[in-house]
Structure formats: C-alpha cells, structure tokens
Amino acid sequence: MKISLKVFCLFIFISLLMSFKSLAAGVEEFESWLEANQIADFQFLPGTKITSENCQEFLPFVPPAYQQQGFCFEGMEYTLSDPGDLSPPDVFKEATEKFSGQTSLDAEGAIVGYTAGRPFDPTGFTAGSREDGFKSMWNYNFRWQHDGLKIEDVEWVWVRKSEKNHDNHSIMKTWQGQFYQGGGEFARILNGPYQRVYMNHLAHRADTDYRIPGRWAEKTEFREYTGFDAPFDIAGTSFLILRYKDPHKADDSWAYIPSLRRVRRISVEVKSDSLLGTEDTLEDFYGFSGRLLEWDWEYLGKAKILAIARSRNLNTVFGGPNGWQEIDDYSLVEVHVIKGNPKRSNHPYSTKIMMTSTVNDVPYYSEAYDKAGELWKIWKIPAVWTEDPQFKERDKFGGDVTPEGTKMSAFQGIQVVNLQNGRATLVPCRGLSYPRTELSKIKRDLDINILSEGR
C-alpha cells in the first residue's frame with residue numbers, strides 16, 4: 001500500500017461519511033480533508049496508471065468535492081506524470097527579486113507599492129492569517145501572464161447528467177467531436193472569442209517602466225473582452241470589463257445585447273450572475289476574477305493535490321459517465337489554499353475556496369458554497385505548458401503567436417460542475433495564445449465601440 005493504513009482509513013471514513021450526506025456538503029468536509037491531507041504520504045511513481053482498481057488510494061490528494069464530481073469511475077484511466085519545472089521565466093524572477101520587500105497591504109487589504117514580479121514572499125505564510133490570505137490572492141492576481149490571454153473560440157458546452165448521451169449532437173460531426181467522450185447529454189453550445197490584455201505591472205517590459213506605454217493604458221490593470229458568435233439567438237452579445245490599477249476603484253463594465261441594440265453599463269451584481277445560462281459567471285473566470293477588496297480572505301495553508309498541471313493534449317479531452325471529467329496526465333502539485341467570503345450581502349456565494357500553485361500561483365481548482373453554506377459548484381482548471389510541442393502545434397483555429405520562452409502554464413479551459421443540479425459547463429479554449437500586444441491593436445480591439453461593431 002502506498003499510503004499509511006491510518007491515513008487511508010481516515011480518508012475512507014471521510015468518503016463514507018460524505019456518501020450519507022447530501023451532495024451539497026459544507027465547508028467542514030473540506031476542512032477535514034485538508035487536515036488529513038497534511039499527513040498523507042504520496043509514494044506513487046510517474047507513469048503509474050490511475051484506474052478504477054486503485055483510484056481509492058489517490059483520494060487523499062483529491063478534494064472531496066472533486067471526488068463527488070466523479071474523479072473515480074468504472075473503466076477510467078489517467079496517467080501520473082512529473083510536471084517538471086513550471087516556474088515562470090527569468091524576467092519575472094528578476095523583477096520579483098528587484099522589487100522584493102517593497103510591496104505592502106493597507107488596512108483594507110489593498111496592495112501598495114507594487115511594480116512587477118511576485119508581490120509577496122509566500123515562504124512565511126501562516127494558516128489562519130487574514131493578511132496572508134490577501135497576500136496569497138495578490139500573488140495569484142499578479143501571477144506571470146505575459147501580456148494576457150487571447151482565445152479565438154471558446155466553446156461553452158452545457159452538459160447534464162442523463163441516461164441519454166451526446167453521440168447524436170451536431171458537434172460530434174465536427175473536428176471538435178473527438179474531444180467529447182463518455183456520457184452526459186449536451187443541451188446547448190455557445191461560441192465566441194475572448195481576450196484579456198494587461199497594461200501595467202509587466203515584468204517583461206522593464207524598458208517602458210513595466211507597462212504598455214501611452215496615456216490610454218496608464219491607469220488600467222487590464223481590459224477583458226468576452227463575445228458570443230453563436231447560436232443565432234445570442235450572436236453579437238458581448239461584454240467588456242476595465243479593471244483599474246487602483247485596487248480601490250470599481251471596475252467599469254459594459255454589455256451589448258443585440259435585441260436592445262444598445263451598449264449598457266453592468267453592475268457588480270450582474271458579474272456574479274449566471275453568464276447567459278451557463279454555470280459560470282464573469283466573476284468566476286480563471287476560478288476567481290472579481291475585485292479582491294470586495295471579499296475577505298483567509299490563508300488556510302498548503303495542500304498536495306492531483307491536477308492537470310502539464311496536459312499531454314493541446315485541447316482538453318472529456319470523458320466519464322457524465323462527460324465532464326478530464327482524461328489526461330495528472331501530477332501531484334503543491335498548492336496554496338485560500339478561503340474567501342464576499343462582503344456584499346446579496347452575493348450568491350457565501351464562501352469560495354481557491355487552490356493556486358506554490359510554484360507559479362496559477363489556479364488549478366476552486367469551489368463555491370451557497371448562502372446556506374452548502375457546497376454548490378466546483379471549477380477545474382487544466383493547464384498546458386507553452387514550451388511543449390503540442391502547444392506549438394496549435395489547433396484548427398490557429399491563434400496568434402506566443403513568443404518562444406514565454407514559459408506559461410497556459411489556461412487550457414475551465415470546467416464548472418454544479419453539484420446541486422447535476423449540470424456542468426465545459427469551457428475548452430480553441431486557438432489559444434499569449435501574444436505580444438501593442439497599444440494600437442488594443443485600442444482597436446478592446447475599445448467600448450467594439451461591443452456594438454462586432455469583431
């Protein structure tokens with residue numbers, strides 16, 4: 001046996017306890033798992049096949065909600081892999097060292113004095129600390145992301161538990177069909193482009209004061225565009241979010257709804273609502289995309305989890321009984337565990353838990369609880385390494401050029417599973433890149449006028 005009998009029995013007890021509860025379990029189940037995870041001893045070797053016969057032995061390294069989602073199933077097979085070195089490029093490390101110790105927090109938890117690189121040294125983070133909760137989330141917020149992410153086509157696939165399957169869905173007759181294995185019924189598929197461009201705190205732009213030059217970008221952290229081309233009833237719908245460099249300043253956000261033929265500002269409440277009927281929200285992008293000061297954060301400690309840290313595929317391959325489990329290489333990674341509670345009383349979540357890499361702060365997993373404190377949704381975020389051959393091959397959508405040596409744990413997509421209603425939204429990214437961006441192109445592609453003009 002690869003783990004001690006004591007630890008294995010503890011996890012079996014937790015699994016049995018949860019099986020007698022509603023699928024909407026509370027935070028206490030997660031905290032029990034986290035406590036037991038601290039003493040779990042991982043002794044499996046790279047190349048090991050994780051199958052239905054031995055899957056139970058890996059559960060100490062799978063968050064309990066992920067277990068409920070269907071990590072183990074009959075006929076499954078994942079491969080355990082060594083993720084290798086996933087640290088950011090030297091230019092990011094050099095900025096981290098150069099500005100070390102210059103960043104602090106104000107009384108609200110806002111970042112002060114930050115220029116570029118990793119804002120805070122995590123080696124001294126302490127479980128139970130509010131200050132370290134904010135620091136770890138600022139590290140996540142300012143993780144290495146080059147100039148930002150561009151996706152030619154995002155697929156938003158609605159899938160639900162069903163005795164039916166998706167074999168006859170129209171997407172199965174396209175080249176994307178090869179990526180959708182297993183069961184589950186596809187109810188609807190949305191498509192459209194996405195781009196987020198960062199304009200300040202850029203470690204690779206030391207020659208222009210760590211930012212994209214120009215007055216248009218000087219007070220902005222990022223601009224983010226989300227558009228929809230299909231199906232016909234939502235074609236032309238789009239959203240634009242402007243995040244300011246000042247962490248105290250609220251976002252400017254706009255939406256274009258074709259039926260209204262007008263660009264309208266959207267409120268903070270809209271960003272936490274379901275995005276066009278999916279299980280995701282604008283605030284949930286990347287696991288968490290809200291403003292940090294609208295939440296209270298607590299650092300819970302570190303954990304060892306199985307995650308897709310270096311996918312063997314360019315595009316996510318789905319499978320399992322419900323069609324929403326990723327079939328891929330899994331690696332044991334160490335993560336920071338951070339708990340957040342929204343300050344806004346009418347926020348739909350009561351708690352959100354984030355897990356971010358201790359190496360590069362990329363998110364691998366998050367989960368949210370409803371107002372009653374019961375488990376509601378989980379987000380699984382696989383990554384593909386930009387320096388690997390499969391990333392450089394690209395898919396049919398092509399995408400812009402990611403510069404050689406970017407060394408990015410690229411955002412392969414995100415899967416959101418609603419454990420309370422048995423539905424999920426699969427969000428694979430086609431035509432993925434982290435391109436070099438110039439101000440003239442940003443002003444053309446990410447201006448408010450793009451919402452009503454289309455792309």
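Where is the place of Phe-61? Phe-61 sits in the loop between E1 and H3. Those labels need a word. Helices (H or I, at least four residues) and strands (E, at least two) are DSSP runs, numbered from the N terminus.

Before going on, the ground rules. This is a predicted model, where local features need pLDDT of at least 70 and side-chain atom pairs count only at pLDDT 80 or more, while totals for chains, interfaces and linings use all residues. Residues are numbered from 1 along each chain as its sequence is written, and side-chain values use heavy atoms, with hydrogens and water left out.

Back to Phe-61. Buried or exposed? Phe-61 has 0% relative accessibility, so it counts as buried. Here are the cut-offs: buried means under 20% relative accessible area, exposed over 50%, and partly exposed in between (1.4 Å probe, protein chains only). Now pair Phe-61 with Glu-185. The two are 124 residues apart in sequence and 29 Å apart in space, C-alpha to C-alpha.

Next, the disulfide. A disulfide is a pair of cysteine sulfur atoms within 2.5 Å. The whole structure has one. Cys-55 is joined to Cys-72, with 1.9 Å from S to S. Cys-55 lies in the loop between strand E1 (49–51) and helix H3 (64–69), and Cys-72 in the loop between H3 and strand E2 (77–80), so the bond ties together parts that are 17 residues apart in sequence. The angle about the S-S bond is -80°, and the link is left-handed. The two ends sit differently. Cys-55 is buried, at 1% relative accessibility. Cys-72 is partly exposed, at 27%. One more cysteine to point out: Cys-429 is buried, with a relative accessible area of 3%.

On to charges. A salt bridge is a side-chain nitrogen of Lys or Arg within 4 Å of a carboxyl oxygen of Asp or Glu. How many salt bridges does the count come to? The count comes to 25.

Take Asp-361 and Arg-118. Their closest N and O atoms are 2.8 Å apart. Asp-361 lies in the loop between strand E15 (351–357) and strand E16 (363–369), and Arg-118 in the loop between strand E4 (111–112) and H5, so this pair ties together parts that are 243 residues apart in sequence. Asp-361 is buried at 3% relative accessibility. Arg-118 is buried too, at 18%.

Now Asp-251 and Lys-271. Their salt bridge has its closest N and O atoms 2.7 Å apart. This pair links distant parts of the chain, 20 residues apart: Asp-251 is in the loop between E8 and strand E9 (252–257), and Lys-271 in the loop between strand E10 (262–265) and strand E11 (295–307). Both residues are buried.

Glu-152 and Lys-150 also meet in a salt bridge, at 4.0 Å from N to O. Glu-152 is partly exposed, at 28% relative accessibility. Lys-150 is buried, with a relative accessible area of 8%. There is a network as well: salt bridges link Glu-31, Glu-298 and Lys-339.

Which strand holds Ile-338? Ile-338 lies in strand E14 (residues 329–342). At 0% relative accessibility, Ile-338 is buried. What is Ile-338 in contact with? Contact means heavy atoms within 4.5 Å. Leaving aside neighbours within four places in sequence, the partners of Ile-338 include Gly-133, Met-137, Trp-297, Glu-298 and Ile-353. Ala-255 is 83 residues from Ile-338 in sequence and 31 Å away in space, C-alpha to C-alpha.

Now some backbone geometry. Most residues other than glycine have a negative phi, and most peptide bonds are trans. Here are some cases to look up. Ala-230 and Pro-231 are joined by a cis peptide bond, with omega about 0°. Pro-231 is in the loop between strand E7 (220–227) and E8. His-201 has a positive phi, near 65°. Its loop runs between strand E6 (185–198) and E7. Asp-209 has a positive phi near 60°, and lies in the loop between E6 and E7. Buried or exposed? His-201 is buried, with a relative accessible area of 14%. Asp-209 is exposed, at 58% relative accessibility.

That is the tour. Find each residue on the structure and check its place.
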